[in-house]
Every structure is written in C-alpha cells, then in structure tokens.
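Morning, everyone. Please look at the model on the screen. I'll talk you through one piece of helix packing.

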Amino acid sequence: MIRLKDVCHTYNVGTPIEKRVLKNINLTVRNGETIGIMGAPGSGKTTLAMVMAGLIIPTSGDIVSPGPGPGKTGLLFQFPEHQLFCDSVFNDITYPLREIMGLPPAEVEERYNQACQGAGLNPQLIRKVRQSELSDGERRRVAIAAVLAMNPSVLIMDEPTVGLDPAGKSKVLNEINNLSKEGKTVIIISHDIEDLLCTAKRIILIEKGIIAEDGTVKQIISRLSQREETLPMLPWITELLVRLKRKGVNIKDDIYDPAAALQEIKRVLKKT
Ligand SMILES: Nc1ncnc2c1ncn2[C@@H]1O[C@H](COP(=O)(O)OP(=O)(O)O)[C@@H](O)[C@H]1O
Ligand SMILES: [Mg+2]
C-alpha cells in the first residue's frame, strides 16, 4: 500500500528559483489496485511518482510506501531506455540481479525468463540483441523487463507509452493489463487519458500540484465533460459526443470506446 498524507514538495527551497510543485496531496493506493494519474505537462506527475517510489523525500507530509529496492517499488522512468547501458539485452535486464543482489546464476536465469515474458519479449530470441538493434517499442519493453526482474510489489510507470508507435503502444498497454491481472499494484502516469481508460479503474487528475479529481473512469469522464477547460483532456470521440449533446442532440456522451460511439451515433441518425 502507498499512503500520502498532506504531502507538499518544493524544489530549491529558500532560493529565487523556489518552486512549489506538490500541494497537500492526500492519496491512498491499495494493494493490487491499478490507478492512472493524468495531468498537463509540469503539473507535478513525475515528482509525485518519485515521492511515491521513495526516491524524493517530500518537503513536508507523511508517506507510507515500501520504498525503493528489490521486491519493493519499481519505477519505470519517462525515457527508461536512457538507463540501458550494457552490450546485450540479457546483461541489461540482469545487471542488478548479478552485480547488486548477487543472485545465483540459476535464479538470474529464471528471473530473466519471467521478466521477458511479463514484458512481452521472447527471452531466447532477444537475449543477445544489442540496444542499437532494437526498435523503440522493444527498447521500452526491455526497460520494463529490467524493472520486472527486480520483482517489485508496486510498479510505477511514468509515461510508459510516450514516443511509441501505435503497435508498440498497444503492446505496452496490454502488458500493463497483464500485470494488473497478476495482482500487482500498478500506478500508470500519462498525459493521455486514452492510455489510462484501457488500463485503470480509478483515475486521478493533477492540476498545478493539486489533486483536482479522484474517481472511477465513469466519474472522471463525467467531471471532465462539465468544464470547458478540461474538455480537450477527454478522448476526442467523447469530446465530440459532449459537444453534440450541448448543441441539443439527444445522445449519450459518456462513451469513450470508438465502436460503442459509432453504435450510438447510428442510433441517433436513425431517429432523425
Ligand atoms: N529537479 C527539479 N528541480 C527544480 N524544478 C523541478 C525539478 N523537477 C521538476 N521541476 C519543476 O516542477 C514542475 C513539475 O514537474 P514534473 O513533476 O516533472 O511534472 P510533470 O511530470 O507533470 O510534467 C515543473 O515546473 C518542473 O519544471
Ligand atoms: Mg513527467
């Protein structure tokens, strides 16, 4: 479980470039829960991820978290491929297992295989491949496998799909769903609500360091629909339905699945 109580964080305290980034954050993430965190760039998502992972000690407030380390919290950084530095996929994924944890070779092997499978990679085929030979999507999945190999109970992923093509994106999102099904606690951060709708049941919106919304997918869609300035945060299909409804069209506007939206539009067109 992760629990934050009245957490505030300010960078560069007492200097002219002092910046208050997190303001009175109260948040509990239960074991086995998958939550999505969204917000505009600069709203404080990455800082919150680091605080939850135990990598930043906040300026004030209380925090309960397993903290960093093997078996505890794993953080996938925004551009995790920058952390890969070995000559082969196997060496990258197993580096901390061998060099920091000193696990015996058989266990390293087992964890390598499991981590690859968890990240949607074929452990044998990818084993000796060099970083430079990987596609962007594969590189991101290698970074995910490197986090999984540490067997974290809580997984925090900071913008795991940014910079990926649609195929790479959907593979990563599928893998996140598999991790949720396995019962891991997963926190997925994205500026794109579409990534969260297909992975999380609960979504949190951060605005300028404050938790502006915290609710189920349905509640978040409905609240974002009510404010003009948050309308563009919705999936474009939902925004379209909301705008049609505002123009007086008798249409359901809480739909984000394109196929369901198409059915609803067809239904309305038949009536007219
Ligand atoms: N290490 C840092 N030192 C000073 N300011 C920072 C640091 N990291 C982030 N910030 C500032 O804090 C704010 C929130 O950043 P961040 O947590 O990265 O937000 P997000 O991930 O939502 O884009 C931004 O204004 C950013 O410039
Ligand atoms: Mg960020």
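The buried residues of helix 2 pack against helix 3 (105–118), helix 4 (123–126) and helix 5. This is a predicted model: local features need pLDDT of at least 70, side-chain atom pairs count only at pLDDT 80 or more, and totals for chains, interfaces and linings use all residues. Residues are numbered from 1 along each chain as its sequence is written, with chains lettered from A and ligands numbered from 1 in the order in which they are written.

Some terms. Helices are DSSP runs of H or I, at least four residues, numbered from the N terminus. Buried means 20 or more other C-beta atoms within 10 Å of a residue's own, with C-beta atoms placed from the backbone.

Which residues of helix 2 are buried? Val 89, Asp 92, Ile 93, Thr 94 and Leu 97. Seen down the axis of helix 2, they fall within an arc of 170 degrees, so they line one face of the helix. That arc is taken from the directions from the helix axis to the C-beta atoms.

Now the partner. Helix 2 (residues 89–99) and helix 5 (residues 136–148) pack at about 30 degrees, axes 8 Å apart. Axes are lines fitted to C-alpha atoms over the stretch in contact, and angles run from 0 to 180 degrees between N-to-C directions. The two helices are therefore roughly parallel, a label for angles under 35 degrees. Val 89, Asp 92 and Ile 93 of helix 2 meet Val 142, Ala 145 and Ala 146 of helix 5. Contact means C-beta atoms, placed from the backbone, within 7 Å.

Finally, Ala 143. It sits in helix 5. Ala 143 is buried, with 23 other C-beta atoms within 10 Å.

Methods
Angles under 35 degrees count as roughly parallel, over 145 as roughly antiparallel, 65 to 115 as roughly perpendicular and the rest as oblique. Two residues are in contact if their C-beta atoms, placed from the backbone, lie within 7 Å. A residue is buried if 20 or more other C-beta atoms lie within 10 Å of its own, exposed if 12 or fewer, and partly exposed in between; C-beta atoms are placed from the backbone.
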